[in-house]
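Please keep the sequence and the structure in view while reading.

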Amino acid sequence: MAEPGRLTIYTRVLRAQIRSQAQYRLSFAFELFASMLTNALDIATVFVLFSVGGGLGGFGAREVLLMAALSAASFATADLTMGNVDNLRVYIRRGVFDSLLLRPLSALGQLMAVTFALRRVGRAVLGLTLYTVALCVADIDWDIPRLLFAIVVPFTGAAFFCSLFVAGATVAFWWIESGEVANAFTYGGRDFTSYPSNMYGGWFRDLFTLGLGFGFVAYFPALALTGQPDPLGVPGWLHWCSPLVTLAAMCLAAVFWRFGVRHYRSTGS
Amino acid sequence: MIISARGLRKDFTVNRKVGRFRRERHVVSAVDGVDLSVERGEMLGYIGPNGAGKSTTLKMLTGVLTPSGGEVTVCGLAPVAKRTTLARRIGVVFGQRSQLWWDLPLAESFSLLRHIYRVPDSDHAARLKMCSQLLALDEFIETPVRQLSLGQRMRGELTAALLHGPEVLFLDEPTIGLDVLSKQAVRDFLAGVATRGDTTVVLTTHDLADIEKLCRRLVVIDHGRVVHDGTVDELHARYRSRRVIVADLDTPWPDGLTLPGADVTSVTADGHRVTLALDGATAGEVVAALAGAVPLRDLSVQEPEIEDVIAKLYRS
């Protein structure tokens, strides 16, 4: 008998989680409804943005849409897969995290599986659809590198947000009452990346765009795809570096996580 | 040696409020230099008062917590560094933590665990069959875990911990909160595991009856240190707890009568009931001497209460 792959095992745990959630039908229906309502509002925001005149920070409406859509697609995909890992603090408090550590699987993988929220699938689909529309509308000189880049970049953006979610969740290892501190960076980061980075001002812009790398989620990739120069003067080759920046973010998040697990204190008996 | 710990320590830093804003950092040692070696097939009782460091020790042995100091191996592995490898070779029941899927039927949890631990189908089926017979799981195996009674859930947890055939079974308070019948079922089951002899069991408990029924070896921990490591009998010998003979008599106990090798500890019911603590003599010798000296009506021999000994230990 062939040994089942790791992925199959996680898939099984994930399916069990979905079955568990489906046990509470009414609650699931309500959450799905609420999530769809949020999605509708998200779309409305985009349309409002356009009706105001479209242009922001010296960019035309189509570029702005591309940035907003890329940001939405990245964040929604990340939110679907890891958006609930900040529940770690609840799991630590209730001692559920102990149980995860007692199983022969990666603790982070299990945490992802047990916090997976199926109701967010709609938002991810919507984000990716919006992104496809924005790509069609935008003024892009298509060639092979751009096509590949356009396919890859929502997922590197998603991985970037996932790294943020994980890094934010690890705060709970030291500070169980961490509350929503990490959300300043995750949800704040989503809002930051929805608009052209050059419209923000001063040190705040530099810190978030380059220092924390948020410019590499939607702003620089959109510039790379449309072939426009950066008003801030960041060289063109750097616009293509989102995958590398994401890789660095993932490594950092992994280091945070490992360090956090080693310092895990557990609670009570 | 399947478990070995030398100088095992776990320190926690605690912030304590001083005044309105200032806080002081204190280092508290939950486990303070524990040495422990357990041979394969042993059944070990690990006891101590609340906060003595029992659970913390267990969490370090299972790879949940990183020790602050000392060395520890379980199944020859360093628990934290080799956590996932070790997880396949040990089973854990934490009375307050569940390994089961709350909203799914017990049977589904078992089948998920089979995949997670990659247990061959036939082995899984055989172990599950054995556990369901011994623990009478059949009547509730299709019920979602959240609807099970505590006793039923605990029987489920025990099964879940044993399905992958662990070499060591760690039990933290497995009988806490259970009714008498469920306690009995759990104890009988564990006694069975012990007599089969291929699984090493480490058990923490507050219920000393668990220890008396199950464990030959007893490790008592207090303030993070081992204060006793030996058999139950050795504990009694060390703290001079003695077996007691209670005799009912037809005529009152004569004043000043003594028996060799036994102390009269009380005379009650107008002298018709006498209690003797054995001190050197065997129960048989004392009973024979007693029958020769006074008209006996009824008699019972009581084992020393382990709880009394432990209470003495904690107080000292």
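## Terms and conventions

Two residues are in contact if their C-beta atoms, placed from the backbone, lie within 7 Å. Helices (H or I, at least four residues) and strands (E, at least two) are DSSP runs, numbered from the N terminus. Two strands pair if DSSP finds at least two bridges between them. Axes are lines fitted to C-alpha atoms, for helices over the stretch in contact, and angles run from 0 to 180 degrees between N-to-C directions.

This is a predicted model, in which local features need pLDDT of at least 70, side-chain atom pairs count only at pLDDT 80 or more, and totals for chains, interfaces and linings use all residues. Residues are numbered from 1 along each chain as its sequence is written, while chains are lettered from A and ligands numbered from 1 in the order in which they are written.

## Chain A

Chain A contains twelve helices and zero strands. Its radius of gyration (taken over C-alpha atoms) is 20 Å, and the globule rule is 2.2 Å times the number of residues to the power 0.38. For 269 residues that rule gives 18 Å, which is close to the value for chain A, so the chain is as compact as a globular protein of that length.

The C-alpha trace of chain A spans about 60 × 45 × 40 Å along its principal axes. Of the 269 residues in chain A, 39% are buried; a residue is buried if 20 or more other C-beta atoms lie within 10 Å of its own, exposed if 12 or fewer, and partly exposed in between, with C-beta atoms placed from the backbone. Among contacts in chain A with a separation of 6 or more, 78% are between residues 24 or more positions apart.

## The two domains of chain B

Chain B is divided into domain 1 (3–238) and domain 2 (244–315), with bounds that come from an automatic or database domain assignment. The C-alpha centres of these two domains of chain B lie 40 Å apart. Twelve residues from domain 1 of chain B and seven residues from domain 2 of chain B take part in the contact.

On the side of domain 1 of chain B that touches domain 2 of chain B, at least two residues each come from α7 (208–214), β8 (217–222), β9 (225–231) and α8 (232–238) of chain B. By class, this side has eight nonpolar, two polar and two charged residues. Ala, Val, Leu, Ile, Met, Phe, Trp, Tyr, Cys and Pro count as nonpolar, Asp, Glu, Lys and Arg as charged, and the others, Gly among them, as polar.

## Sheets and hairpin of chain B

An open sheet of six strands in chain B has the order β5-β6-β7-β3-β8-β9, with mixed pairing. Its edges are β5 (90–94) and β9 of chain B, each with a single partner strand, so one side of each is left without a neighbour in the sheet. From one strand to the next, the twist averages 15°. Within this sheet, β6 (residues 168–172) and β7 (residues 200–205) of chain B run parallel and are joined by five bridges; D172(B) has T204(B) in β7(B) as its bridge partner. Helix α1 (residues 54–61) of chain B lies across β3 (43–47), β6, β7 and β8 of chain B, at about 150° to β6(B). Helix α5 (residues 150–162) of chain B lies across β5 and β6 of chain B, at about 160° to β5(B).

Another open sheet, of four strands, has the order β11-β12-β10-β13 in chain B, with antiparallel pairing. The twist there averages 20° from one strand to the next. Six bridges pair β11(B) with β12 (residues 273–278) of chain B in the antiparallel sense. Elsewhere, β1(B) and β2(B) form a hairpin with five residues between them, and G19(B) in the turn has a positive phi of about 70°.

## Where the chains meet

In the model, 22 residues of chain A are in contact with 29 residues of chain B. On the chain A side, α1 (6–22) and α5 (96–101) of chain A are the elements that give two or more residues, and α1(A) gives the most, with six residues. The chain A side divides into nine nonpolar, six polar and seven charged residues.

Which residues of chain A does R97(B) touch? They are G95(A), D98(A) and S99(A). R97(B) is placed in the loop between β5 and α3 (106–116) of chain B, and R97(B) counts as buried because it has 20 C-beta neighbours inside 10 Å.

Conventions:
Lists of a residue's contacts leave out its neighbours within four places in sequence.
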